[in-house]
Amino acid sequence: MFLDLVEGLTGKPLTADAWVTCLKEPLDQHLEQERKEYDAAVQVGLAVTDDLDLGMRIRITDGDEIVADTVEDKTFSATTEKFERYVKRRLNSSL
């Protein structure tokens with residue numbers, strides 16, 4: 001069913017050709033290009049300076065524990081900051 005959908009949308013059957021082509025790129029060359037793109041993005045800085053409104057609720061959980069929730073935290077930025085603090089606490093407690 002999925003393969004039929006892909007063929008219907010693209011006019012071609014799904015193959016691994018594009019993926020295999022990417023895998024043929026030498027690792028050193030790929031890493032060098034990724035580093036250039038990363039460094040360029042860091043130089044530009046954050047693209048978003050105001051808080052994001054994704055038009056949706058995001059709830060981050062760890063098992064049954066609700067770690068962060070955009071409804072409770074009021075903004076996406078507050079939710080991500082709360083999640084970041086949670087991850088740092090977890091990492092520090094496991095060391």
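The protein chain holds 5 helices and 2 strands, where helices (H or I, at least four residues) and strands (E, at least two) are DSSP runs numbered from the N terminus. Read along the sequence, these elements follow the pattern α-α-α-β-β-α-α. The radius of gyration of the chain, taken over C-alpha atoms, is 20 Å, well over the 12 Å that the globule rule gives for 95 residues, so the chain is more spread out than a compact globule; that rule is 2.2 Å times the number of residues to the power 0.38.

Please keep in mind that this is a predicted model, in which local features need pLDDT of at least 70 and side-chain atom pairs count only at pLDDT 80 or more, while totals for chains, interfaces and linings use all residues. Residues are numbered from 1 along each chain as its sequence is written, and side-chain values use heavy atoms, with hydrogens and water left out.

As for burial, 8% of the 95 residues count as buried, meaning under 20% relative accessible area, with exposed being over 50% and partly exposed in between (1.4 Å probe, protein chains only). Among contacts (heavy atoms within 4.5 Å) between residues at least 6 apart in sequence, 14% join residues at least 24 apart.

Leu 3 lies in helix α1, which covers residues 2-10, and Leu 3 is exposed, with a relative accessible area of 51%. The C-alpha atoms of the whole chain, taken along the principal axes, fill a box of roughly 45 × 40 × 35 Å.
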